[in-house]
Amino acid sequence: MISMDDFMKLEIRTGKIVRAEAFPKARKPAYRLWVDLGELGVKKSSAQITRLYKQEDLIGKRVLAVTNLPPRQVANFISEVLVLGVVLNDGGVALIQADREVPLGKRVM
């Protein structure tokens with residue numbers, strides 16, 4: 001178990017995917033994403049979501065992302081935020097999003 005104080009250290013914020021590209025250099029099938037996080041700006045993320053999402057359908061999709069983890073190098077790409085998803089039994093990942101349009105960059109509590 002973690003404490004509520006530990007959970008509150010995570011900054012999970014609302015975002016919108018503004019750009020998506022294939023990521024052939026990744027070890028597992030993935031996309032390179034650019035996520036608009038409002039006042040935090042546009043941040044990059046590598047996401048293994050190719051089973052459930054076509055690249056062109058990702059533009060404009062609302063997501064939740066952890067914004068205060070250290071950047072991580074994935075092949076030749078620096079992933080700055082962790083886009084959140086639910087791993088399904090078949091290994092596919094379903095993105096998590098708010099059930100209505102909310103301002104970009106708002107913190108999830």
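Q: Helices (H or I, at least four residues) and strands (E, at least two) are DSSP runs, numbered from the N terminus. In which helix does Q55 lie?
A: This is a predicted model, where local features need pLDDT of at least 70 and side-chain atom pairs count only at pLDDT 80 or more, while totals for chains, interfaces and linings use all residues. Residues are numbered from 1 along each chain as its sequence is written, and side-chain values use heavy atoms, with hydrogens and water left out. Residues 55–58 make up the helix that holds Q55, namely α2.

Q: Is Q55 buried, exposed or partly exposed?
A: With a 1.4 Å probe and protein chains only, buried means under 20% relative accessible area, exposed over 50%, and partly exposed in between. Beyond residues up to four places away in sequence, Q55 touches A20, E21, A22 and Y31, a contact being heavy atoms within 4.5 Å. Its relative accessible area is 29%, so Q55 is partly exposed.

Q: Are the rings of W34 and F77 stacked, tilted or edge-to-face?
A: Phe, Tyr and Trp rings (for Trp the six-membered one) pair if their centres lie within 6.5 Å; planes under 30 degrees apart count as stacked, over 60 as edge-to-face and the rest as tilted. There are two such pairs here. For W34 and F77, the centres are 5.7 Å apart and the planes stand at 75°, so the pair is edge-to-face.

Q: Which residue lies over the face of W34?
A: A charge sits over a ring if NZ of Lys or CZ of Arg is within 6 Å of the ring centre and within 35 degrees of the ring normal. K44 has its charged end over the ring of F77, 5.3 Å from the centre. Over the face of W34, at 3.9 Å from the ring centre, lies R19.

Q: Which residues are closest to the centre of the largest pocket?
A: On a 1 Å grid over the protein atoms alone, a pocket is an open set of points where a 1.4 Å probe fits, with protein on both sides within 12 Å along at least five of seven lines; lining residues have an atom within 4 Å of a point. The largest pocket holds about 660 Å³ of space, as filled by probe spheres set on the points. Of its 26 lining residues, the closest to the centre are S46, Q48, R72, V74 and L82.
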